[in-house]
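Please keep the sequence and the structure in view while reading.

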Amino acid sequence: MSDTKLSDIERQIMWNRLIAIVEEQGQTLLRTAFSPMVREAGDLSAGVFDPQGRMLAQAVTGTPGHVNSMAESVKHFIRHFGLETMREGDAYITNDPWMGTGHLNDFVITTPCFHNGKLVALFSCTSHLIDIGGIGFGPDGTDVHMEGIYIPFLRLIDQGVVNETLIAMIRANTRLPVDTVGDTYSLAACNDVGCQRLTEMMSEFRLDDLDDLAAYICERSEATVREQIRALPNGSWSNTMVTDGYDSPIELTATVTISDDAIHVDYTGTSPVAARGINVPLSYTTAYTVFGLACVVGRDVPNNAGSLAPLTVSAPEGCILNAPKPAPVCSRHVIGQMLPDVVFGCLRQAVPERVPAEGTSCLWNLNVRGRIKGGEGGQYGFSMTVTSNGGTGARPQSDGLSATAYPSGVKGTPVEIAEQITPLIFWTKEYRPDSGGAGRMRGGHGQNIEIESRIGEPFELLAAYDRIDHPARGRDGGRDGAPGVVAFKSGKTLPGKGFLMVPPEERLVIKTPGGAGIGDPAERDPARLAAEKKAGLVTE
């Protein structure tokens, strides 16, 4: 059928089939992963690419930081290995932050897919691994080499034969060897499922290649996004957001330029590289910037190489959003996940009816670890990332979402899972009243969380939080969201970033920030306000 032009109906059927294939790929990763960040929170990406390295389809399950950076990383795999060297049974790996997803904790594995002996596509996937050595998943590193094992572009599997030397290196450089090696194999396994399902589809539809289908997907998606951009006003708008930073505040400055059929975002004016690990490689900056744009333009268009083509990003090298190697980047999400809100601040001046107020944005994860007495050898340790977040900003016609990870999209880790994996007890995990900024539309509420060791041993918190000194800003008369808080139950306030030791007699208190409101609070619907007060979410 490859020599015959496909009909639009055939292409649409095949497109739907591709979506089903990559979703099965993603679900395979979700169900086989060892990392609770993946199997409980969905911190992953999965997709299929054509031999040019163009992303054709992505799994519904996935985060923008993974998906949109992976969209470029496959091109790096192709350039490094060359299509002509790829063989059936191969799989390639890297966690290079500048050519992958922005930090070392995300492994990217790419697998060539062959049909009737011909390379027809590549499947790629990413997931977050809890521990890859170094100082741990926190922002205290001063260069990338402190932050864990750094894997260049390597063959993980060579025509079906696993690179046991590489596996041994990975196993030796983690505090969780079983989990980390298991997650590496789960990534390879999900790509294999994708390859198998694609060849079945191609046999069913008698396809020799995906060239026609790939062109259809990319061309139609790109044309639709450009058409929607043409309906927007042309011009340039700027916005600056101040975030807490590590030792001093950080300024994130963006200028969005809308031309006839394209949008460009430039970050000139943004603060320089930080001394600690909150820096962002340009790949991750691009990933969350274009996601913010896509929330406003082309929201109903599938995310692929075509829909991403009209959206471009630049940042001066050496600024915190284009950090050069070997800058520390472990907690790049603390800054990178603010970028949709920065972009919204620009677009608010052009299309205010489409854009929300600022929210918590960056994840408020509980990165905990410690020692447990007992077990063979005297002691063994635990390490876990418990995902959580605050409220999102109010939307023009509805309230913000409470305790929701936007723009990341990951789910919160269930308390039952966290207490099973770690020797910690969660005394409190509830909505934080009055944390959402008041307004005609209220910002989403944050959470109150209290944690304590249940074995009389101290534990560490690798804190990487923001919105403590600079909470989400209200819009059009709406109030700011409540700032975040990190403290002990006894009353001592703790810093939002860095290694913190929680003594066994203390409870760790986390109050996640609230989203900001939109509009004058006096204009709020009285029935909605009464319902909030009855539910205990509002006391003022």
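The model is a predicted one. The points below begin at the end of this helix and then turn to a sheet and a pair of helices.

**The open sheet**
- An open sheet is formed by 4 strands in the order β14-β15-β19-β17, with antiparallel pairing.
- Strands β14 (424-431) and β17 (485-488) are the edge strands, each pairing on one side only.
- From one strand to the next, the twist averages 15°.
- Strand β17 is joined to β19 (residues 508-511) by 4 bridges, and these two strands run antiparallel.
- Valine 486 has isoleucine 510, in β19, as its bridge partner.

**Helices α1 and α6**
- Two packed helices are described by the angle between their axes and the distance between the axes.
- The axes of α1 (residues 8-32) and α6 (residues 211-230) come within 10 Å and cross at roughly 85°.
- Angles of 65 to 115 degrees count as roughly perpendicular, and α1 and α6 are therefore roughly perpendicular to each other.
- On the α1 side, the contact is made by Asp8, Arg11, Gln12, Met14, Trp15 and Leu18; on the α6 side, it is made by Asp212, Leu213, Tyr216 and Ile217.
- The residues of this contact between α1 and α6 comprise 6 nonpolar, 1 polar and 3 charged.

Conventions: Residues numbered from 1 in each chain as written. Predicted model: local features only at pLDDT ≥ 70, side-chain atom pairs only at ≥ 80, totals over all residues. Heavy atoms only, no water. Pairing = 2+ DSSP bridges. Axes fitted to C-alpha atoms, helices over the stretch in contact; angles between N-to-C directions. Parallel < 35°, antiparallel > 145°, perpendicular 65-115°, else oblique. Contact = heavy atoms within 4.5 Å. Nonpolar A, V, L, I, M, F, W, Y, C, P; charged D, E, K, R; others polar.
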